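Dear colleague,

Here is the structure that I said I would pass on to you. My notes on what was found in it follow below.

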Amino acid sequence: MRRVLITAAIALLLPISACSTDEQTEAPAVDVAAAPTDLTWRNVAGLKVPTSRADGPARTSPPQGYSHTPQGAALAAANGQAALATAPDTTWPEVVRTVTAPGPGRDQWAQARVLMSVSGAVDPAVATTFSGFKVSDYSPERAIVLLATSTPPSADEREPLLAAYPVQLAWTGADWKVVLPTQADNIDAAEIQTLDGFTTWDEDNQ
């Protein structure tokens with residue numbers, strides 16, 4: 001299987017509850033399956049990236065400013081991954097500080113990035129597209145988003161490769177930030193056959 005060269009992280013989340021002095025009350029329900037509203041697409045160095053006027057990012061260079069919702073977390077996952085994959089040599093330090101949360105994964109990514117050089121745009125013939133998402137776990141502090149992607153077929157293949165990989169996010173600094181995995185986490189994409197169970201980004205506009 002072709003590897004999808006985007007890092008991702010996954011972790012266990014603890015359930016949360018809200019309580020009062022008199023009785024325990026349930027936290028308001030959130031719709032983790034809804035698509036972001038007022039969605040458009042922008043080009044980031046040859047990649048098509050989903051953007052919502054309602055859910056973010058409010059600023060795009062680097063991407064930041066998301067709604068404190070599952071939809072904001074999903075958009076932060078996609079925009080953060082695209083920014084990390086395409087940031088040129090001159091701007092990547094600012095990009096990684098803006099879109100990722102501090103931690104050992106970010107430190108390792110920065111060390112590896114120093115040894116690489118990135119410039120120019122992704123060839124549309126091989127560019128991966130963001131096909132959908134699934135918020136597999138969510139709390140106001142953390143989220144896990146499965147990003148579904150489609151990669152064009154190579155010369156000896158007939159169909160695009162559908163794959164999904166988990167992205168962990170943390171709500172910190174009043175925004176969603178990607179929590180990068182360490183090398184020991186060994187997170188990789190898994191091939192999927194369909195988008196069943198995933199939310200397509202613009203399904204509310206279809």
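Proline 62 is found in the loop between strand E5 and strand E6 (63-64), where strands (E, at least two residues) and helices (H or I, at least four residues) are DSSP runs numbered from the N terminus. The peptide bond that joins serine 61 to proline 62 is cis, with omega about -5°. A cis peptide bond also joins glycine 56 and proline 57, with omega about 0°, and proline 57 is found in the loop between strand E4 (47-52) and strand E5 (59-60).

Please bear in mind that this is a predicted model, in which local features need pLDDT of at least 70 and side-chain atom pairs count only at pLDDT 80 or more, while totals for chains, interfaces and linings use all residues. Residues are numbered from 1 along each chain as its sequence is written, and side-chain values use heavy atoms, with hydrogens and water left out.

The second largest pocket has a volume of about 220 Å³. Of the 15 residues that line this pocket, the closest to its centre are Thr60, Ser61, Pro62, Pro63 and Val95. Strand E3 (39-44), helix H1 (70-86) and helix H2 (92-99) are the elements that give two or more residues to the lining, and H1 gives the most, with four residues. On a 1 Å grid over the protein atoms alone, a pocket is an open set of points where a 1.4 Å probe fits, with protein on both sides within 12 Å along at least five of seven lines, and lining residues have an atom within 4 Å of a point; the volume is the space filled by probe spheres set on the points, which are joined across faces, edges and corners.

Alanine 45 counts as partly exposed because its relative accessibility is 24%, the cut-offs being under 20% for buried, over 50% for exposed and in between for partly exposed (1.4 Å probe, protein chains only). Phi of alanine 174 is near 60°, and alanine 174 lies in the loop between strand E9 (161-172) and strand E10 (175-179). At 60% relative accessibility, alanine 174 counts as exposed.

Finally, valine 114 lies in helix H3 (residues 104-114) and, at 57% relative accessibility, counts as exposed.

With best wishes
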